[in-house]
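Hi,

Here is the structure I promised to pass on. Have a look at it first, and then read my notes below.

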Amino acid sequence: MNVRVDVTGLGVMAPHGADAQAMFEALMRGESAVRPVFPELPKPAAAATVAFDETRWFTKLQLAGVDRVSQLAVAAADLAMRDAGLSDGGNGTHVDPERIGIYAGCGMGGATALESAYRSGGRVPPLTIPAFMPNAPASHIALRQRVQGPVLTYSVACASSAIAIAEAAKAIQRGEIDVAIAGGSEALVVPGVVLAWQAMQTLATFQPGEAASAVRPFAADRSGFALGEGAAFIVLESAERARARGARSYATLAGWGMSCDATHLTKPDATGQARAIRAALKQAGLQPRDVGYCNAHGTATRIGDVVERDALASVWGEDEAFGDLRVSSTKALHGHLLGAAGALEAVVTVLALHHRALPPNANCATVEPACGGLNLVREAGANAPGLEAAISNSFAFGGTNSVLVFTRQ
């Protein structure tokens with residue numbers, strides 16, 4: 001279908017704040033939001049959390065039974081709609097509520113509600129179930145925005161919100177809806193969840209005072225990721241509709257690709273990842289050499305980073321074209337938002353294109369030898385004056401891979 005899908009609104013509630021542009025500027029400076037958490041735990045833990053004032057978005061009465069994961073989602077989606085100029089319905093921007101869809105990714109739902117229930121001593125809050133169900137964030141956005149079209153939740157681990165964005169774009173192209181609010185939310189920084197991830201030995205280790213630099217994607221001394229929390233949503237609509245109402249378009253969502261490794265539940269596979277990348281490029285009508293930047297999944301795990309490098313190399317080839325692709329993982333600075341990671345990193349990728357500037361791959365003093373050939377963005381404040389296309393990778397436990405391709409207007 002020859003329907004161009006544009007990004008007309010951005011909204012974040014992120015570890016670097018509630019302003020998408022300010023967040024991007026902080027990332028460009030290489031500022032880390034990763035801090036120590038839960039000193040009472042047996043092993044040191046770090047995470048990137050959100051300084052969130054829920055009273056800006058909810059009354060005390062409204063907060064009953066609304067987990068933090070939904071609170072963050074409501075705020076980020078509202079900011080995205082405001083940024084798109086669609087929040088008040090004035091000046092010809094009204095959208096039939098039946099023609100708006102919500103496509104949300106959420107990996108694990110309301111962890112705060114569940115943890116509180118477990119620690120309640122038997123006095124479990126009666127709204128615990130609706131608070132922690134994974135589709136609660138999308139439902140609360142629908143209530144706030146009065147959306148009467150499709151309201152869908154995708155729970156596909158770390159690929160959840162990237163898949164949600166792709167599915168939203170499909171609905172725009174098919175003419176099922178006029179406007180999509182697409183993205184994801186995650187709020188898992190509670191002691192029980194941190195302990196579970198520590199048990200998997202996937203979280204970064206660090207010495208006292210070094211939490212901010214604990215996550216080192218593609219580095220020889222990497223040891224894992226830090227959890228992050230937050231929400232990010234984008235507004236999608238056809239380029240024709242955006243142009244007709246005089247909307248600003250940040251970028252075009254030109255292609256997307258999905259695949260499954262079908263090899264292992266937690267161990268990634270380069271062949272499967274490469275299939276998703278190729279599918280996304282094919283749909284966008286691009287060759288690898290046309291893409292100047294990759295916001296990598298880059299979790300800083302021992303296996304994952306090398307597998308992603310091999311996937312990129314298999315698509316670009318071990319030649320000059322591969323060397324021209326600039327790569328960075330911003331998880332080093334904002335943590336791993338799991339189900340919301342794809343959406344937050346999509347926002348970062350869109351802004352990288354919009355400003356033609358590349359956020360750094362922070363904390364990587366010495367590159368892992370097995371990641372040789374990657375042209376990592378090592379410096380802060382890197383400009384990319386010729387940047388025309390970029391990809392964002394999201395690779396999940398369960399073997400699902402999702403890749404989004406964005407292009408400039």
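This is a predicted model: local features need pLDDT of at least 70, side-chain atom pairs count only at pLDDT 80 or more; totals for chains, interfaces and linings use all residues.

Start with the open sheet, which is built from 11 strands. Going across, the order is β5-β4-β6-β8-β1-β9-β16-β15-β10-β11-β13, and the pairing is mixed. The edges are taken by β5 (151-154) and β13 (375-376); each has a single partner strand, so one side of each is left without a neighbour in the sheet.

You can find both senses here. β10 (residues 293-295) and β11 (residues 326-328) run parallel and are joined by three bridges.

Now for β9, which has β1 and β16 on either side of it in the strand order. With β1, β9 pairs in the antiparallel sense over two bridges, and there V7 sits opposite A251 of β9. With β16, β9 also runs antiparallel, this time through eight bridges; L253 faces F406 of β16 in that pairing. How enclosed is β9 by the rest of the structure? Largely, because seven of its 10 residues are buried.

**Helices on the sheet**

Helix α13 (residues 341-355) lies across a whole run of strands: β1 (5-13), β6 (179-186), β8 (230-238), β9, β10, β15 and β16. Relative to β15, α13 runs at about 170 degrees.

**Two helix pairs**

α9 spans residues 270-284 and α10 spans residues 304-316, and they pack at about 45 degrees with axes 8 Å apart. That angle is why the two helices, α9 and α10, count as oblique to each other. Their crossing is right-handed. On the α9 side the contact uses A270, Q273, A274, I277, R278 and L281. On the α10 side you will see V307, E308, D310, A311, L312, S314, V315 and W316. Sorted by class, the residues in this contact of α9 with α10 are nine nonpolar, two polar and three charged.

The other pair is α2 (residues 68-83) with α5 (residues 136-145), again at an angle of about 45 degrees and with axes 8 Å apart. α2 and α5 are therefore oblique to each other, and α2 passes α5 in a right-handed crossing. From α2, the residues involved are V69, S70, A73, V74, A77, D78 and M81. α5 brings in A136, P137, H140, I141, R144 and Q145. By class, the contact of α2 with α5 comes to eight nonpolar, three polar and two charged residues.

**A loop residue**

Finally, take a look at K43, in the loop between β2 (35-37) and β3 (45-48). Its relative accessibility is 45%, so K43 counts as partly exposed. Which residue lies 155 residues away from K43 in sequence but 8.4 Å away in space? That would be Q198, with the distance taken from C-alpha to C-alpha.

Cheers

Notes
Residues are numbered from 1 along each chain as its sequence is written. Side-chain values use heavy atoms; hydrogens and water are left out. Axes are lines fitted to C-alpha atoms, for helices over the stretch in contact, and angles run from 0 to 180 degrees between N-to-C directions. Helices (H or I, at least four residues) and strands (E, at least two) are DSSP runs, numbered from the N terminus. Angles under 35 degrees count as roughly parallel, over 145 as roughly antiparallel, 65 to 115 as roughly perpendicular and the rest as oblique. A crossing is left-handed if the near helix is turned anticlockwise from the far one by less than a right angle, and right-handed if clockwise. Contact means heavy atoms within 4.5 Å. Ala, Val, Leu, Ile, Met, Phe, Trp, Tyr, Cys and Pro count as nonpolar, Asp, Glu, Lys and Arg as charged, and the others, Gly among them, as polar. Two strands pair if DSSP finds at least two bridges between them. Buried means under 20% relative accessible area, exposed over 50%, partly exposed in between (1.4 Å probe, protein chains only).
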